[in-house]
Amino acid sequence: MAKPRASRRTLDSYSVKPLNKLVRSGDCVLMRPIEPSKPPYVARIERIESDSRGLNVRVYVRWYYRPEESLGGRRQFHGSKEVFLSDHFDYQSADTIEGFCNVHTFKSYTKLEAVGNEDFFCRFDYNSTTGSFNPDRVAVYCKCEMPYNPDDLMVQCEDCSDWFHPKCIDMTIEDAQKIEHFFCQNCLSEAQNKLQNSHASSRPSDTKVESKRRRR
């Protein structure tokens, strides 16, 4: 005869002893990886459970994937602190929680004055089965037409407001850091054409006009 399944109860919070802090549903945490050489896993706690005696606490988590953990791998525009909210849920022992972290929206992350070790950002939902992303399209910038990577320095054109990587416009990082005003090549060309057309329209006529002489 099969043993009855042990009942479990849901906890509002749980004190992680090494951290001496309470974790709750909705908290983003760092979890111990299987391989010590790898960075900690990033997850969001969906639920905290224990057995009927309040022991054997486990957390039901939704995993954030790092770009290198996705099917497409890391790409040029992925930030070093970027993670994807996946559809992968799992139960883990609460004892594998190593620390807390903050997963910001992309917009909030770009406004941080300082980025700490515990700061990450997410701009994509990730389907771990198909490898697809939502949204599947984001704004692109520069001549290279790549999405924005907050780790990379970019300069903004004062006319069209588009952003450019220094290397894509033959500019060094040092020069980009010193520049006070910048106009992209397209805007400069348009400005020069407008100036030339303006000069052409205001140029005096070539028709000669002789002054009338008084008759004596």
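## Cysteines and cores in a predicted model

Reader: What rules out a bond for Cys 28?

Author: Again, distance. Its closest cysteine sulfur is in Cys 101, at 5.2 Å. The cut-off is 2.5 Å, so this pair is also too far apart to bond.

Reader: How many disulfides does a search of the whole structure find?

Author: The count is 0.

Reader: Are Cys 28 and Cys 122 buried or exposed, and how do you know?

Author: Buried means under 20% relative accessible area. Cys 28 has 13%, so Cys 28 is buried. Cys 122 has 16%, so Cys 122 counts as buried too.

Reader: What makes up the largest nonpolar core?

Author: It has 21 residues. Val 23, Met 31, Ile 45, Ile 48, Val 59 and Ile 97 have the most contacts inside it. To be joined in such a core, buried nonpolar residues need side-chain atoms within 4.5 Å.

Reader: Which elements give two or more residues to this core?

Author: They are β2 (13–16), β4 (28–31), β5 (41–51) and β6 (58–65). β6 gives the most, with 4 residues.

Reader: What does Ile 48 touch?

Author: Leaving aside residues up to four places away in sequence, its contacts include Leu 11, Tyr 14, Val 23, Val 57 and Val 59. Arg 9, Asp 12 and Arg 58 are also among them.

Reader: Which residues does the second core include?

Author: Val 155, Phe 164, Met 171 and Ala 176 are among its 10 residues. This core is separate.

Notes: Residues are numbered from 1 along each chain as its sequence is written. This is a predicted model: local features need pLDDT of at least 70, side-chain atom pairs count only at pLDDT 80 or more; totals for chains, interfaces and linings use all residues. Side-chain values use heavy atoms; hydrogens and water are left out. Buried means under 20% relative accessible area, exposed over 50%, partly exposed in between (1.4 Å probe, protein chains only). Contact means heavy atoms within 4.5 Å.
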